[in-house]
Amino acid sequence: MSRRGERNEETDKASVSAKVADDSQRMTTIYAVYLIAALDITWMFLQFSVTPYLAKKLGFDTLWFGYLQTTVGVIQLLGGPMFGRFADLFGARTALSLACASTVVFFLLLATADTPAMLFIHKIPTIFMHVLPASQMVVTDLTKPEKRADALSKLGLCFGIGMIVGSTLGGQLSKLYGEKFTACFGAAGSAFSLLLVLKFIPKNTKAETTRGNTTDDNRKKSVFNLGEITRLMKFPTVMQTFIIKIVAGLPSGIFQVMFSIIALEFFKLQPEQNGYLMAYFGIVQMVIQGGVIGRLTARYSDNSLLLLSIGVSSLVGLAQAYIQNVWQFCLNILPMMFSLSVFNVITDSMLTKSVPSSDTGTMLGLCASVQSLLRTVGPTIGGFLYVNYGISSIGLIQFFVNIAVFVYLLQRRLNKTAEQRK
């Protein structure tokens, strides 16, 4: 063999070794992000076992507790797009570090909250508490477009794990040691998440070529530049997908924010029974996100799965209108969680594929703001419907809205197919 051939062979081996090492590093980062996301959801559900009881001790009634929840929705609604823009400008590690550090401050303020005003003040750090969108950004940056929906769905699996562990752990800690200790435990856990970010998340996760072309220009632009955020809506299909995400997601979002009231007043569940039901929610979500969505995205297109999720959601709404007891509701949870999981993963995946990779963080921030919007307007709309027309009205609105969106998308798809045949 000639020396030139030996050199080529050595070069090929070095290239393969570098690719294997790069792939290994990428997977290590993704697994670390999954762990960070699972821990963040754990701390979030841990505080759910603190805030309601602390608010009750401080004299909050249902109305004022609603104001407290609405405050969080408004803060995160404003913070989501800005945080996404911040992540695009300064990188994944900085964004995740800011989110985890804000969570530490959030829990420390909760531990010291001894007046109604302090309970409102401790919600201010939620403007930066976007660990899940930042995790979605890292996963989006490190996966190929065709694998993106499956990778994003695994974050839903982390959500299910965190829901179960956080609810259980928070309940036990509050029962044995009190709310302040539980809040301090959440602060310590969030500090541990911050250490994981600093250890395992690289400074930048976007492709070097993309960053080289956009970083200098981006850094000259402000995080608070509304034009830079809203310009993403001008990309093809983005505005339409975003509107569908809001319109089709609003009815199911109303039911979610009203669930605690429905469980208490309609189903007459005791606290421990409600805990079991939340655990059931988490298990179902884990199965769907971890074992179902990946197989579906490998076989079917995003548009087909979007159509499927909206169709199933309309049937879920129709079933909700006629549910009489908690056992019927448990059966309806299966298609409900399926439609919600597929809908959220597919719309996020479609939106990130529609914009340049340099703007995926901003787009995911906008996606997160949709959930904040639902938490902001959901309690008002849901409360009005529930008080005046009962639980069936929420389900019927979900049915009619989603069936209308389903027919629109189906008609559009049939028209497109007919045009292609001509």
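**T237.** I looked up T237 and found it partly exposed, with a relative accessible area of 45%. By the cut-offs I used, buried means under 20% relative accessible area, exposed over 50%, and partly exposed in between (1.4 Å probe, protein chains only). T237 sits in the loop between α10 (226-230) and α11 (238-266). Its phi is near 70°, a positive value in a residue other than glycine.

**Ground rules.** I note that this is a predicted model, in which local features need pLDDT of at least 70 and side-chain atom pairs count only at pLDDT 80 or more, while totals for chains, interfaces and linings use all residues. Residues are numbered from 1 along each chain as its sequence is written, and side-chain values use heavy atoms, with hydrogens and water left out.

**Whole chain.** I counted secondary structure and got 16 helices and zero strands. Helices (H or I, at least four residues) and strands (E, at least two) are DSSP runs, numbered from the N terminus. Of the 422 residues of the chain, 49% count as buried. The accessible surface comes to about 20,600 Å², of which 65% belongs to carbon and sulfur atoms; the areas come from the Shrake-Rupley method with a 1.4 Å probe, and for residues only the protein chains shown count as cover. I then turned to contacts, meaning heavy atoms within 4.5 Å. Among contacts with a separation of 6 or more, 84% are between residues 24 or more positions apart.

**Y31.** I found Y31 in helix α1 (residues 3-48). Y31 is exposed, with a relative accessible area of 53%. Its C-alpha atom is 10.0 Å from that of K154, 123 residues apart along the chain.

**Helix α3.** I checked two residues here. L68 is found in α3 and is buried, at a relative accessible area of 0%. Leaving aside neighbours within four places in sequence, L68 is in contact with T51, L119, F120 and K123. The C-alpha atoms of L68 and L119, 51 residues apart along the chain, are separated by 8.2 Å.

G84 also lies in α3 (residues 62-90) and is buried, at 3% relative accessible area. With neighbours within four places in sequence left aside, G84 is in contact with G361, T362 and G365. From the C-alpha atom of G84 to that of H130, 46 residues apart along the chain, I read 8.8 Å.

**Cores.** I took a nonpolar core as a set of buried Ala, Val, Leu, Ile, Met, Phe, Trp, Tyr and Cys residues joined through side-chain atoms within 4.5 Å. The largest has 94 residues, and F281 and F329 touch the most other members. Helix α14 (residues 326-353) gives the largest share of this core, 13 residues. Not counting residues up to four places away in sequence, F329 touches F255, F259, F267, L277, F281, I323 and M336. Apart from this core lies another, of 10 residues, among them V238, V355, L366 and V370.

**α15 and α16.** I looked at how helix α15 (residues 360-389) packs on helix α16 (residues 391-421): the angle is about 125°, with the axes 6 Å apart. Axes are lines fitted to C-alpha atoms, for helices over the stretch in contact, and angles run from 0 to 180 degrees between N-to-C directions. That makes α15 oblique to α16, since angles under 35 degrees count as roughly parallel, over 145 as roughly antiparallel, 65 to 115 as roughly perpendicular and the rest as oblique. G382, L385, Y386 and Y389 in α15 meet I391, S392, S393, I394 and I397 in α16.
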